[in-house]
Amino acid sequence: MILEALIAFTFLAALVVLLAPDAWAGRLAFALSAVPFAGSLYAWSQFDGAGNALTGGTIAFESQFEWIEVGGRSVSWFVGLDGISLPLVVLTTFLVPLAIVSAWTPIDTRQSQFYGLMLFMEANLLGVFTALDFFLWFVFWEAVLVPMYFLIGVWGGPRRKYAAIKFFVYTNAASLLMFIGFMSLVFALGDSVSSFALPEITAAIANGGLGEWFGIAPGTVALGAFLAMFAGFAVKVPVVPVHTWLPDAHVEAPTPVSVLLAGVLLKMGTYALLRYNFTMLPNQASALAIPIAAIAVISVIYGAMLALAQKDLKRIVAYSSVSSMGYVILGLVVFTEYGVGGATFQMVAHGLISGLMFMAVGVVYNATHTRMVGDMAGMADRMPITVGILVAGAFGYMGLPLMAGFAGEFFIFVGAFGAPSLPYAPAFTALAMFGIVIVAGYLLSAMQKTLFGPFRLETDYEVGRAPVHDVAPLAVLLAAIIVLGVAPDVFFEMIRDAAIPVVEGVSADV
Amino acid sequence: MVNAFAYVPAVVLLPFVSFLVALGAGRYLPKGGAFGGIAATAGSFLLSVWVAATVAGGRAYNETVYTWAGGDQFELTFGLLVDPLSALMLVIVTLVALLVHVFSLGYMNDEGETGLPRYYAGLGLFTASMLGFVVADNLLMAFMFFELVGLCSYLLIGFHFREPGPPSAAKKAFLVTRFGDYFFLVGVVAVFATFGTAAFAGDGSFPALAEAALEGSADVWTPGGLELGTWLTVVGLLVLGGVVGKSAQFPLHTWLPDAMEGPTPVSALIHAATMVAAGVYLVARMYGFYALTPTTLGVIAFIGGFTALFAATMGVVKDELKQVLAYSTISQYGYMMLALGAGGYVAAVFHLTTHAFFKALLFLGAGSVIIAMHHNEDMWDMGGLKSKLPVTYYTFLAGSLALAGIFPFAGFWSKDEVLYEALVHGLNDPLLLGGYLMGLLAVPVTAFYTFRMVFLTFHGDPRTETARDPEPVRWNVKGPLMVLGTLAVGTGLINMVPVQKVFGLEGIDYLHRWLDNEWGGIAGLSSHHYADIGPYSSGYLVGGETGTVLVGAAVSLGLALAGLGLAWRFYNVASPTEHTAALGGIKDVLYNNYYLDELQVWIAYRTADIAGGADTFDQGIIDGVVNGISSVSLAGGGRIRRIQTGVVSEYAAMLTLGLIALLVVLGVGGGWFL
């Protein structure tokens with residue numbers, strides 16, 4: 001019942017904060033958000049899952065209640081964790097309190113609503129990562145969009161409405177596509193499934209339960225479903241060419257919202273890809289390995305080139321997310337232990353690192369009120385600790401060893417290079433790896449221009465050090481990044497355990 | 001009995017602790033944390049000596065100590081590999097780091113620098129990273145510390161971050177070496193994919209597996225059915241990318257002269273014992289692999305020989321003391337690469353050792369001059385410092401004689417052996433002979449620029465007020481200089497191969513015996529083994545081996561003396577003048593480093609242009625299509641405008657309603673409610 005408690009508490013907390021006075025909503029939200037984090041740590045300590053939740057592994061904290069029946073198939077409240085979802089749950093509950101603290105300085109209107117929505121989003125995110133029934137999952141999946149939409153649309157920058165609507169329409173259209181794709185699978189499975197439970201559907205597909213659907217051959221249905229779901233999730237990740245909502249959303253979103261958007265929301269896309277596309281339909285994924293790998297490589301290199309062209313610090317970090325998520329796609333498509341495991345690890349690592357980068361850029365912005373590279377120089381002189389952590393975070397983004405990003409990227413690379421199921425794997429891998437040079441190029445030059453050299457910033461006030469509550473979350477994140485970089489096995493061991501069945505799903509047929 | 005190997009982690013961790021202490025509490029400590037750094041490196045040095053003595057006692061150590069990430073395919077681990085090579089390197093690195101720490105008291109603290117905790121934290125981390133790299137037992141761990149070394153160089157080169165120059169130089173250093181490291185990382189990944197392990201030593205190590213696979217007694221993965229030998233060459237060249245970057249070999253040498261923006265003691269550390277040495281050390285560490293791929297060896301030798309000559313020519317026209325030294329570093333590492341490529345494993349390690357001492361000496365000597373000159377580095381503003389700074393002068397002279405390769409200073413012995421190896425193996429291999437000739441040609445150039453530097457700085461009449469009345473330096477500067485001066489004179493004694501060959505004195509080639517596991521070591525990591533699996537055979541000139549030794553030494557010494565003589569003729573006068581005008585247009589080319597920096601800047605700008613084009617494409621085409629679709633659909637439904645109220649909550653309600661409607665439609669269509 002711990003997962004129910006976790007989700008229910010977070011919903012309640014959202015409600016309480018929503019009704020609290022603005023003056024101390026931020027403090028209250030932080031205090032309340034610490035509880036789900038503690039809860040997820042407890043869940044981690046009690047974790048007894050083994051294997052993959054979808055492929056018949058032991059599901060930790062499994063709980064299932066019949067809910068309603070739709071078209072002869074039961075919809076149930078069905079939640080549980082495995083080695084892939086637990087790290088993402090921990091990531092979510094870890095990032096939200098930090099994001100809340102980072103909001104104390106920049107958010108100065110309608111605080112109770114802001115923090116309430118943040119917690120409401122957290123509750124739904126926890127639902128996304130724990131739900132094992134399609135309908136339940138889909139409700140959470142869609143419900144995440146609502147608080148996000150408001151958080152950008154109300155507290156965002158000058159073009160917040162454009163960005164919020166673009167975000168909502170774009171991702172909602174994608175959801176529709178994905179929904180149709182999944183439903184076609186369910187229909188084609190016919191009587192071989194009696195519920196929307198993901199493990200049951202996965203098993204039915206693996207056992208050849210797909211039948212004809214409106215006269216379409218099973219193989220074609222599977223392929224069509226794969227493509228529809230891939231396109232739908234690709235928007236969320238996002239991969240090139242459906243990435244353009246991301247920079248707009250990030251630039252307009254306030255810092256704490258960007259932290260969660262980059263840190264957790266993007267992982268919904270890769271998580272769903274892993275669960276639906278790569279676990280349920282591994283053979284379709286494998287058949288499409290070359291185009292998918294090509295998309296991954298293009299996302300890495302093209303995303304990095306776009307980051308190189310930006311003049312706004314936040315846009316730079318936003319585009320580099322596109323690049324980093326490309327690595328995740330590459331890791332997934334190679335179907336090796338290190339590839340799929342590394343992709344999952346990279347989700348967590350990128351969540352922490354991009355969270356840190358957005359937060360640190362936000363702290364600088366609080367002081368400068370500009371994010372344009374040309375407007376400032378020598379910030380290290382005025383904000384030494386913030387800049388020190390920002391530099392460390394940037395090196396983390398560049399994949400400096402003994403930081404989490406390197407671990408994730410290296411696992412993916414080493415898993416991808418010799419992958420038997422992807423033709424030309426060494427070439428794809430080597431091309432994608434060139435991203436590590438470009439990322440160093442744009443981050444180092446942006447840092448050189450803004451952080452170093454003689455101090456320059458036109459203001460009518462004195463730029464001083466950031467308050468402790470701005471810097472503390474940065475330090476906490478940096479520490480987490482280093483811990484995961486030095487000892488990746490704290491997560492990687494369980495991730496691997498859940499990733500191996502995914503890998504075996506394809507190698508059985510190839 | 002207490003086991004020295006149990007303390008190997010402490011060798012690495014002591015400087016790391018000094019990093020933490022300086023970073024966290026440096027500002028509350030006397031001298032900004034300097035004493036912590038000195039104590040830590042001194043401790044590491046003593047432990048390293050003990051470790052080396054234990055290796056000399058016939059033991060070696062090769063253990064996995066930490067599993068970084070487990071896996072069924074292969075495990076990614078950290079381990080320690082202590083054999084004669086790494087033990088020697090530990091002693092060199094810790095000794096130079098210790099002396100640099102002591103010297104920094106004079107160069108940084110006495111000069112009133114700010115930010116000292118950050119400085120000493122950087123030095124500590126730099127030393128720790130390098131030591132971690134040295135003891136690494138596998139290629140992945142080596143790569144990780146290799147990158148950390150790069151980070152530290154970034155932090156220390158950019159130490160004076162409030163000025164415009166150092167941050168730019170730091171960026172360039174990291175970026176250029178990162179470019180090389182990209183190839184290295186691909187190489188690491190390829191090694192894992194090919195062999196399933198990246199261990200350096202033991203029966204299951206990748207050099208051993210490569211050897212077995214070439215003999216046909218083991219099976220390894222190659223991509224796309226590529227021929228094994230070709231693939232191993234590709235892997236070797238990929239790893240070499242990292243070496244070329246870090247060891248500043250052509251064409252990735254451009255970061256190194258710029259790196260002179262860092263504080264001078266840092267330059268000493270980078271050039272003598274850490275970052276630049278890391279590249280060459282890596283080739284030596286996995287020499288059992290390189291020896292299997294003749295093409296790679298040829299490339300290494302050629303790059304080395306070319307870089308030795310190429311960098312030396314640029315050193316001839318520089319005006320600033322540290323710039324001359326920077327180009328000499330590039331050139332000297334070229335010699336080491338030449339030796340490695342020519343099968344002269346011991347010669348390379350020998351030159352690495354002597355160079356570490358004499359180059360650290362020269363940089364610290366230059367630092368002493370810079371203190372005396374109130375941080376003016378232009379040699380044309382100096383002159384006549386010989387009488388004012390006698391300790392600096394005589395130690396600097398010893399270092400210069402070693403650098404120029406003058407008998408009997410340390411550099412003579414090691415450079416002579418490098419050239420000898422290239423010659424005897426090159427007599428059967430034209431490409432290698434080309435490398436040898438370039439290396440030989442660099443000898444007089446080296447002697448010339450070295451003594452041009454010495455004469456301009458210390459001889460003649462003082463050319464400025466500062467040079468007439470230089471600032472005195474203290475014990476913390478003189479002490480390290482004297483230690484290193486002694487080593488620059490005497491290190492040649494560890495490997496008197498020519499003397500042995502000419503006079504038949506058996507057993508005085510101590511370094512050869514050391515690296516051949518004569519006292520102890522790990523099977524498969526010995527110079528004999530490398531020679532056995534290597535592709536080279538020796539050829540001799542007239543007079544057989546002895547004759548070739550004598551002729552080779554005489555030629556290189558003669559050329560060095562000729563270069564020295566020319567410098568004497570031009571610059572050892574009361575008021576020297578620039579003679580570079582005689583070079584005409586060549587001078588500009590040399591002074592501008594063959595315009596390679598401009599080329600790299602051009603590449604950077606073109607990359608930025610491409611990025612700008614991509615951005616325009618992204619905003620205009622891709623996002624344009626997205627916005628176009630949405631505006632078409634909006635325009636198409638004019639009536640829908642009525643619901644465009646602009647109230648955010650109504651939109652959300654609408655979208656939620658839409659979703660429900662969709663579910664209903666799908667449900668009815670799918671026959672769920674029937």
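This briefing covers chain B, its interface with chain A, one helix pair and one residue of chain A. The model is predicted. Chain B holds 28 helices and two strands. It touches chain A through 53 of its own residues, which meet 56 residues of chain A.

**Chain B overall**

- The radius of gyration of chain B is 29 Å, close to the 26 Å that the globule rule gives for 674 residues, so chain B is as compact as a globular protein of that length.
- Along the principal axes, the C-alpha atoms of chain B fill a box of roughly 105 × 70 × 55 Å.
- Of the 674 residues in chain B, 58% are buried.
- Take the contacts in chain B between residues at least 6 apart in sequence: 80% of them join residues at least 24 apart.

**The side of chain B that touches chain A**

- The interface pairs 53 residues of chain B with 56 residues of chain A.
- Five elements of chain B each supply at least two residues to this side: β1 (61-69), α5 (139-157), α6 (165-195), α27 (596-636) and α28 (648-669).
- The largest share, 14 residues, comes from α6(B).
- By class, this side of chain B has 34 nonpolar, 11 polar and eight charged residues.

**Helix pair α15(B) and α18(B)**

- Helix α15 (residues 345-372) and helix α18 (residues 410-426) of chain B pack with their axes 9 Å apart, at an angle of about 155°.
- The two helices are therefore roughly antiparallel, as angles over 145 degrees count as such.
- The crossing of α15(B) past α18(B) is left-handed.
- On the α15(B) side, the contact is made by A347(B), F350(B), H351(B), T354(B), F357(B) and F358(B).
- Facing them in α18(B) are A410(B), G411(B), S414(B), K415(B), E417(B), V418(B) and E421(B).
- This contact counts six nonpolar, four polar and three charged residues.

**G181 of chain A**

- G181(A) sits in helix α6 (residues 160-189) of chain A.
- G181(A) has 23 other C-beta atoms within 10 Å; the cut-off for buried is 20 or more, so G181(A) is buried.
- Beyond its neighbours within four places in sequence, G181(A) contacts A225(A), A228(A), M229(A) and G232(A).
- A103(A) lies 78 residues from G181(A) in sequence, and their C-alpha atoms are 38 Å apart in space.

Conventions: Residues are numbered from 1 along each chain as its sequence is written. Chains are lettered from A and ligands numbered from 1 in the order in which they are written. This is a predicted model: local features need pLDDT of at least 70, side-chain atom pairs count only at pLDDT 80 or more; totals for chains, interfaces and linings use all residues. Two residues are in contact if their C-beta atoms, placed from the backbone, lie within 7 Å. Helices (H or I, at least four residues) and strands (E, at least two) are DSSP runs, numbered from the N terminus. Ala, Val, Leu, Ile, Met, Phe, Trp, Tyr, Cys and Pro count as nonpolar, Asp, Glu, Lys and Arg as charged, and the others, Gly among them, as polar. The radius of gyration is taken over C-alpha atoms; the globule rule is 2.2 Å times the number of residues to the power 0.38. A residue is buried if 20 or more other C-beta atoms lie within 10 Å of its own, exposed if 12 or fewer, and partly exposed in between; C-beta atoms are placed from the backbone. Axes are lines fitted to C-alpha atoms, for helices over the stretch in contact, and angles run from 0 to 180 degrees between N-to-C directions. Angles under 35 degrees count as roughly parallel, over 145 as roughly antiparallel, 65 to 115 as roughly perpendicular and the rest as oblique. A crossing is left-handed if the near helix is turned anticlockwise from the far one by less than a right angle, and right-handed if clockwise.
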